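Me: I would like to learn how to read the main features of a structure such as this one. Could we take them one at a time, with the general idea before the particular case?

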Amino acid sequence: MNTGDEGLMDRDEGAVVAAERTFEALPAARGRAFARSWWGQAWLKALEDTALDAAQLKLGRRHARAGAVGAVTVRPGRITAVVQDGDRTRHRSDVLLQELSAAEWDRFLDMVADRAGHIAALLDRDMPPALVEDAAAAGIELLPGIGDLEPECSCGAWDHCAHSAALCYQLARLLDQDPFVLLLVRGRAERELLDELPARSASRAAGPATGEAGVPAAEAYAARDILPPLPAPPPPVDAPGAPPVLGGGTPPAPGVEVAALEFLIGDAAARARRMLADASADGHPDGPPPPALTPAQDAVRMAAAGAGAAISARLAAGSGRDPRSMASAVRAWELGGAAGLAALEEEWTPEPGALARATVRLAAAWEDDGARPRLRAAGNRWTVVGGAAQLRYGRDGRWWPYRKEGGRWEPAGPASDDPAGALVWWPAQERDGGEAAGR
């Protein structure tokens with residue numbers, strides 16, 4: 001579709017600027033609907049509810065399907081095209097639609113500026129029903145109704161003829177691709193609207209409160225392409241700020257442990273620094289947000305952050321772990337974060353496809369068959385038979401090495417994409433014939 005040049009021209013001194021767009025003739029539309037969007041269908045319903053002669057509508061559809069409608073010119077209040085009959089007679093046909101008044105445009109623009117989701121929808125060439133409904137609530141009818149589409153044709157017909165009907169069917173195809181065509185017929189061009197909306201949004205945001213609580217965050221984010229840019233992020237810092245010393249000489253409030261509170265303040269500062277560094281990194285907007293930690297996971301994270309023995313003991317008790325389990329969990333966290341902790345604490349069975357892929361990778365991991373250890377599989381865990389080594393298959397497809405210590409499996413190293421590579425974390429005697437294996 002060629003949208004043509006928007007030749008801007010002043011209507012008169014101080015008036016808003018109008019525009020005109022010319023669309024090249026569309027190819028024949030055999031075997032397809034003229035309108036797929038709901039607003040394109042509403043346009044055609046206004047035509048079909050208004051026209052008195054069903055035979056002329058049928059002939060108009062035939063003209064439009066055959067590609068008999070020439071270039072379509074759209075301007076405020078009027079659409080125009082030359083339509084060719086079967087005998088090659090050409091007729092200029094126009095369809096008129098009343099423009100919105102200046103007051104109606106003001107109400108419409110205020111309504112859109114107050115709802116960022118409407119701006120985002122228009123930028124995506126969409127016209128959601130909520131936009132039309134909100135406009136109607138403000139007394140603005142965007143879509144035509146019965147009798148709103150007025151025909152003018154050089155064939156002399158006083159009602160909708162085959163030529164004006166063909167033009168309306170063709171325009172429905174253009175509306176499908178770009179709802180701004182409808183707004184142009186109603187009186188305003190796309191560039192004019194998009195230039196005015198940011199200033200109007202900023203002006204209304206700075207005005208007195210209206211009693212509304214703002215817009216949902218999703219709507220504000222969706223309108224990011226039209227809103228002013230965000231300010232530059234704060235500069236990075238070399239280290240988190242030192243937490244305050246809370247002891248002083250003032251006794252703490254009952255039930256408040258000063259050391260624990262100081263630790264939480266320092267932990268919050270360290271996390272804030274990491275989040276600021278991540279937000280300033282290249283590619284940050286394109287990455288998914290990290291998953292939220294559960295309270296039990298966060299307890300391990302804090303213990304791994306140097307909480308000290310007393311606070312670690314409280315974290316262990318609060319998360320349902322004994323001191324040894326917390327020590328194992330901290331080791332797993334240090335080796336792989338939340339994924340490493342999941343390898344320690346979750347036992348699961350891979351679905352058949354993933355299990356088959358894991359088995360193939362295990363079979364291909366050792367080039368020398370004589371070097372391949374005998375493994376016993378149970379769920380996502382493969383234990384070296386007669387040894388003190390175990391491989392755990394993570395949900396991300398990586399292998400986590402474990403070793404038997406004091407009758408319990410403990411994390412032995414970081415994850416590896418190669419199961420044979422994961423086993424290098426143990427001495428040969430542990431891999432092949434150490435402490436009797438068990439789960």
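Reply: Let us begin with helix length: the expected span of a helix is 1.5 Å times one less than its number of residues. In this predicted model, helix H10 covers residues 258–280, and its 23 residues should therefore span 33 Å, which agrees with the 33 Å between its end C-alpha atoms.

Me: Which residues of H10 are buried, and what covers them?

Reply: An α-helix has 3.6 residues a turn, so residues three or four places apart point the same way. In H10 the buried residues are Ala260, Phe263 and Asp267, and the cover over the buried residues of this helix includes helix H11 (295–304) and helix H12 (309–318).

Me: How should I read the sheet, and which strands stand at its edges?

Reply: Five strands make up an open sheet with antiparallel pairing, in the order S8-S9-S10-S11-S12. Strand S8 (375–378) and strand S12 (408–411) each have a single partner strand, so one side of each is left without a neighbour in the sheet. From one strand to the next the twist averages 30°. S8 pairs with strand S9 (residues 381–384) over four bridges in the antiparallel sense, and Arg376 stands opposite Thr383 in S9.

Me: Which helices pack on this sheet?

Reply: Helix H13 (residues 323–345) packs on the sheet and touches S9, strand S10 (389–393), strand S11 (399–405) and S12, with its direction at about 50° to that of S12. Helix H14 (residues 352–364) also packs on the sheet, where it touches S8, S9, S10 and S11, and its direction makes about 140° with that of S10.

Me: How many residues has the largest nonpolar core, and which helix gives the largest share?

Reply: The largest nonpolar core has 58 residues, and those with the most contacts inside it are Trp43, Val74, Phe108, Leu142 and Leu171. Helix H6 (residues 162–177) supplies the largest share of this core, nine residues. Beyond its neighbours within four places in sequence, Trp43 is in contact with residues including Ile79, Leu97, Pro144, Cys168 and Leu171. Another core, of 22 residues, lies apart from the largest one, and among its members are Phe263, Met326, Val330 and Ala415.

Me: Where is the pLDDT below 50?

Reply: Where pLDDT is low, the predicted coordinates should not be read in detail. The chain has a mean pLDDT of 82, with 83% of its residues at 70 or more. Over residues 1–17 the pLDDT is below 50, although this stretch has 34 contacts in the model beyond near neighbours in sequence. Over residues 428–439 pLDDT likewise stays under 50, and there the model has 40 contacts beyond four places in sequence.

How values were computed:
Residues are numbered from 1 along each chain as its sequence is written. This is a predicted model: local features need pLDDT of at least 70, side-chain atom pairs count only at pLDDT 80 or more; totals for chains, interfaces and linings use all residues. Side-chain values use heavy atoms; hydrogens and water are left out. pLDDT is the predictor's confidence in each residue, from 0 to 100. Contact means heavy atoms within 4.5 Å. Two strands pair if DSSP finds at least two bridges between them. Helices (H or I, at least four residues) and strands (E, at least two) are DSSP runs, numbered from the N terminus. Axes are lines fitted to C-alpha atoms, for helices over the stretch in contact, and angles run from 0 to 180 degrees between N-to-C directions. Buried means under 20% relative accessible area, exposed over 50%, partly exposed in between (1.4 Å probe, protein chains only). A nonpolar core is a set of buried Ala, Val, Leu, Ile, Met, Phe, Trp, Tyr and Cys residues joined through side-chain atoms within 4.5 Å.
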